[in-house]
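Please read the following alongside the sequence and the coordinates, taking each place in turn.

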Amino acid sequence: MKKWLSVVGAAALMGSVLSGCGGKDEAGNEAAKGQEKPAGVVTVKILNFKVEIAEQFNKLKDEYEKTHPGVKLQIDTLLGGDDYATQLKARFASGEMPDIFNNEGYQQMDAWVEYLEDLSDQPWVKDEIPLAKEPTTRDGKVYGMPVGLEGLGLLVNKDMFAKAGITETPKTLTQLEEAAKKLQAAGNQPFVNQFDNWFPLGFHSANNAFAKQPDPNAFIKGLNDGSTKITGNAIFKDWTHLLDVMIKYGNKNSLTTDYNSASTQFATGKAAINQGGNWLQPVLDKLNPGMNVGIIPMPINDDPAMNDKLFVGPANNWVIYNKSPVKKEAKEFLNWLVSSETGQKYLTKEFKFIPAFSNIKANPADLGSIGAEVLQYIEQGKILGWHWAKYPDGAAQEFGASMQRYIAGKINGDQMLSEFQAAWDKMKKK
């Protein structure tokens, strides 16, 4: 067990002792009686990972509170670039535990599973699609509710593509570079890269090389038992060539360009391509309503069969702290979110999430142009998975740091992959 979990346990224990001694925490006293509804106003604290829906989430909060008197939602959305996992650990360690928070499942759930409420008996579980249920299912028990499905690829300004004479979707690395050359010749900046933070590098970009292995799960298992290596792997080497194209035809200050700046530059037509997914739709709708934007794959070589796919997975998962004094109300909120007409409207029309539940039908027009195209890739079976939640804890941060050194020209591709391998070997032993 990791050291910080001991701190979390101590903080949780101290919180329960203080609430018992103080006499003011009705919720804490009720918890000891079997989670009966606390008297008076109940506050459900939610730590939200999805910065793109902060404004819409607050509107949903108002709607929910109108129809649920006595229940207040306290939504705390972390700013873009903040390390959600670090912030979450700090809050648990200080006794400020949220009642509902996000977890990506798989390896990232290992450190939290003993603090998570078993949600297997919740009514929405029967409607989860298998792709969304897998990350937070452990020993037959379901611990998380998927936020929605998202597709990861390269977002493109279709108008800029058309004006540059690009009429077909690039499906190979050569085609992507040719498109970048045409954009540049037309006086446009092809890529805007946000390389200031490890997250889009260690998670989103590096996933490309994991997802395109013949059997990603077997490859990751091999990394853990030592039978496979990142160093010398042909697909990882090909992946570095995509990174080279993005660097060559991208913004010069990419290592100091953050998420908000990159999103703004893309939305305002200062660049034609931005790595991302349909989660960016609400931001683009606000910055440039009616923007003609689509999504294309992220090719690493000239094999169209391998590369004409998007990376699709659950956007994240809502989990409930199992010692929360208001977990009954927390469950009621999550169930309302996916079962009520209002909740479903917000998920699809306001949040622009592709539903992870068979009982929620989304109008492609409500999802926005990016989500509608992701949905087409899903329906055509042209998708690969998300695998960063299976990395050892801390490996993605190390990957991101190595990629930043590569982008800065301080190490070469082979050295970067050697650092990846060393990071994996180090982190898997913790």
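This is a predicted model: local features need pLDDT of at least 70, side-chain atom pairs count only at pLDDT 80 or more; totals for chains, interfaces and linings use all residues.

Residues are numbered from 1 along each chain as its sequence is written, and side-chain values use heavy atoms, with hydrogens and water left out.

Helices (H or I, at least four residues) and strands (E, at least two) are DSSP runs numbered from the N terminus. Strand 9, residues 293-296, is antiparallel to strand 7, residues 149-157, and the two are joined over four bridges, where pairing requires that DSSP finds at least two bridges between the strands. Within this pairing, asparagine 157 stands opposite valine 293. In a regular strand the side chains alternate between the two faces of the sheet. In strand 9 both faces are covered, with Val293 and Ile295 on one side and Gly294 and Ile296 on the other, all of them buried; buried means under 20% relative accessible area, exposed over 50%, and partly exposed in between, for a 1.4 Å probe and protein chains only.

Rings of Phe, Tyr and Trp (its six-membered ring) pair if their centres lie within 6.5 Å, and planes under 30 degrees apart count as stacked, over 60 as edge-to-face and the rest as tilted. By this rule there are 33 aromatic pairs. One of them joins phenylalanine 199 and phenylalanine 203 edge-to-face, with 4.9 Å from centre to centre and 65° between the planes. Both residues belong to helix 9 (residues 198-205), where they are four residues apart, about one turn of the helix. Phenylalanine 203 also pairs with tyrosine 391: the ring centres are 6.4 Å apart and the planes lie at 65°, so this pair too is edge-to-face.

Lysine 390 lies over the face of tyrosine 106, at 4.7 Å from the ring centre; the criterion is NZ of Lys or CZ of Arg within 6 Å of the ring centre and within 35 degrees of the ring normal. Tyrosine 106 is in the loop between strand 3 (100-103) and helix 5 (107-110), has a positive phi near 50°, and is partly exposed at 21% relative accessibility. Lysine 352, in the loop between helix 17 (341-350) and helix 18 (364-379), likewise has a positive phi, of about 65°, but counts as buried at 13%.
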